[in-house]
Amino acid sequence: MNIYLDSDGLQDICKSILTEPETLLIRNDIMDNLILQCILNHANSHYGEEKAFISSNSKDFGTTEVRESLDNTGIRYFTMAQHFLDWFNYRSST
């Protein structure tokens with residue numbers, strides 16, 4: 001499934017960077033924050049579906065704030081592809 005960046009999301013991120021940088025979940029990486037916002041927006045529009053996100057960048061995506069945001073939108077976060085595959089295979093076999 002593709003996740004798209006819309007102009008509203010981009011404008012929101014730009015506004016936050018310029019006026020309220022302390023509100024960004026990932027403060028030191030604009031691109032990762034943009035990626036996160038796109039993922040969260042997409043997840044919110046697909047409520048009730050199973051969702052997973054894999055990234056070894058636990059420095060940015062593994063913080064408590066980011067993980068809580070992912071959890072709140074129903075996204076399971078994995079830092080390793082093998083952990084995702086273990087979860088995927090287990091849920092597929094039950």
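Predicted model: local features only at pLDDT ≥ 70, side-chain atom pairs only at ≥ 80, totals over all residues.
Student: What is the chain made of, and in which pattern?
Tutor: The chain has five helices and two strands. Along the sequence they follow α-α-β-α-α-β-α. The C-alpha atoms fill a box of roughly 50 × 25 × 20 Å along the principal axes.

Student: Why is Asn33 called buried?
Tutor: The relative accessible area of Asn33 is 1%. Buried means under 20%. Asn33 is therefore buried. This residue is found in helix H2, residues 30–45.

Student: What does Asn33 touch, leaving out residues up to four places away in sequence?
Tutor: Asn33 touches Ile13, Leu24, Leu25 and Ile26. Contact here means heavy atoms within 4.5 Å.

Student: Why does Asn41 count as partly exposed?
Tutor: Asn41 has 41% relative accessibility. Buried is under 20%, exposed is over 50%, and partly exposed is in between. The value for Asn41 falls in between, so the label is partly exposed. Asn41 is also found in helix H2. Asn41 and Asp6 are 35 residues apart in sequence, and their C-alpha atoms are 9.9 Å apart in space.

Student: What makes Leu36 buried?
Tutor: Leu36 has a relative accessible area of 0%. The cut-off is under 20%, so Leu36 is buried. Leu36 is in helix H2 as well. Its contacts, not counting residues up to four places away in sequence, are Leu25, Ile26, Phe61, Val66 and Leu70.

Student: How do you know that the end-to-end span of helix H1 agrees with its number of residues?
Tutor: Helix H1 has 13 residues, 7–19. The expected span is 1.5 Å times one less than the number of residues. That gives 18 Å for H1. The end C-alpha atoms of H1 are 18 Å apart, so the two values agree.

Student: Which residues of H1 are buried, and why are they said to line one face?
Tutor: The buried residues of H1 are Gly9, Ile13 and Ser16. Seen down the axis of H1, they fall within an arc of 65°, so they line one face of the helix. What covers these buried residues includes H2.

Student: Is Ile75 buried or exposed, and how do you know?
Tutor: Ile75 has 4% relative accessibility. Buried means under 20%, so Ile75 counts as buried. Ile75 is found in strand E2, residues 75–78. Leaving out residues up to four places away in sequence, Ile75 touches Ile39, Leu40, Ala43, Lys51, Ala52, Phe53 and Leu70. Leu70 is also touched by Leu36. Ile75 and Asp8 are 67 residues apart in sequence and 22 Å apart in space, C-alpha to C-alpha.

Student: What share of the contacts with a separation of 6 or more joins residues 24 or more positions apart?
Tutor: Such residues account for 55% of those contacts.

Conventions. Residues numbered from 1 in each chain as written. Heavy atoms only, no water. Helix = DSSP H or I, 4+ residues; strand = E, 2+ residues; numbered from the N terminus. Buried < 20%, exposed > 50% of the residue type's maximum accessible area, 1.4 Å probe, protein only. Arc of directions from axis to C-beta.
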